[in-house]
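Hi there,

Here is the structure I promised to hand over to you. Please open it first, and then read my notes below alongside it.

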Amino acid sequence: PGCRSINELRAAGRAPRRKFVGPQDTVRYHCSRWTTGTLAAAKSRPKGARMIPRTILVFVASPRDALKQRKATDIVIHDLNTKFERVFGVTLQTVQWEAFRPGATERPDIDVQQPITRRLEKCHLFIGILSKRYGTPLPESGISGTHAEFRYALEHRDRISVLTYYDIGQADKTAAEIGEAERLARLKEEIQQAGVLAKTFRAAEFERVLMLDLMETLLELTT
């Protein structure tokens, strides 16, 4: 099932009745909200307002122990993009550090975080995922790449929407993870002080939580 076409909704002159009982019905609901609200908002958009491109870059930040969630993010966005394009007129494209690290680490004399930050500068949406690892501190800054990415996104929230998730499903920690706990706590404190509300999740529910958050965020970005 999908939502009615934009032309059908325009011809009807009103949004369909809300049916909000599951993820697919959420798509229909956002479709109706977009149709009745976004067109008017676009016409009245003030000069200098934040403009959103047709392809929205989504930066995914996390240490290596959140690999499953990183892959799940790609799956969720791929599954939703057809609906996003039809309803909102945009698509999402993930940007992940895996695309940068191999080439960057071949040159130890070069700041490996620099090309990643340059790419992050072009993103409108930031998804940060933390589990039990903090990550390897970079020699240039003394903080991990994930921490650097979070810090940049938090400092530029006027143009980057930030979604943050904490994995609470893994109780046991390795020695390495215990050693990183203090740094991870400092990163979480920095996120909290920035006024960002992080959501907790267990592995089985991450995709559902992320899907609903992406839809709400995209609605905010396009209105």
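**The nonpolar cores**

The largest nonpolar core has 28 residues, and the members that touch the most others are Phe84, Leu92, Ile127, Tyr165, Leu214 and Leu218. By nonpolar core I mean a set of buried Ala, Val, Leu, Ile, Met, Phe, Trp, Tyr and Cys residues joined through side-chain atoms within 4.5 Å. Buried stands for under 20% relative accessible area, exposed for over 50%, and partly exposed for in between (1.4 Å probe, protein chains only). Two or more residues of this core come from each of β1 (55-61), α3 (67-88), β3 (125-130), β4 (161-167) and α8 (206-221), with α8 giving the largest share, 9 residues. These names follow DSSP runs numbered from the N terminus: helices are H or I with at least four residues, strands E with at least two.

Setting aside neighbours within four places in sequence, Leu214 is in contact (heavy atoms within 4.5 Å) with Val76, Ile77, Phe84, Leu92, Leu125, Ile127 and Leu163. Another core, of 24 residues, lies apart from the largest one and includes Ala148, Tyr152, Ala153 and Leu184. In soluble globular proteins, nonpolar side chains tend to be buried together.

Residues are numbered from 1 along each chain as its sequence is written, and side-chain values use heavy atoms, with hydrogens and water left out. The average pLDDT (the predictor's confidence in each residue, from 0 to 100) is 79 for the chain, and 70% of the residues score at least 70. Over residues 1-10 pLDDT stays under 50, and over residues 13-24 pLDDT stays under 50 too. Where pLDDT is low, the predicted coordinates should not be read in detail.

**A bent helix**

Where does α3 bend? The bend, about 45°, is at Asn81; it is the angle between axes fitted to the seven residues ending there and the seven starting there. Among the buried residues of α3 are Val76, Ile77, Leu80, Asn81 and Phe84. After α3 comes Gly89, with a positive phi near 80°.

**Around Asp65 and Arg133**

Asp65 sits in the loop between β1 and α3 and is partly exposed, at 23% relative accessibility. Beyond four places in sequence, Asp65 touches Ser131, Lys132 and Arg133. The side chain of Asp65 also reaches the backbone nitrogen of Arg133 at 2.9 Å.

Arg133 also forms a salt bridge with Glu180, with the closest N and O atoms 2.7 Å apart. A salt bridge is a side-chain nitrogen of Lys or Arg within 4 Å of a carboxyl oxygen of Asp or Glu. Glu180 is in helix α7 (residues 175-193) and Arg133 in the loop between β3 and α6 (145-155), so this pair ties together parts 47 residues apart in sequence. Glu180 is buried, at 12% relative accessible area, whereas Arg133 is partly exposed at 29%.

Another joins Asp213 and Lys199 (2.6 Å, N to O).

Happy exploring!

Technical notes. Polar contact = N/O pair within 3.5 Å; in protein donor to acceptor, adjacent residues only side chain to side chain.
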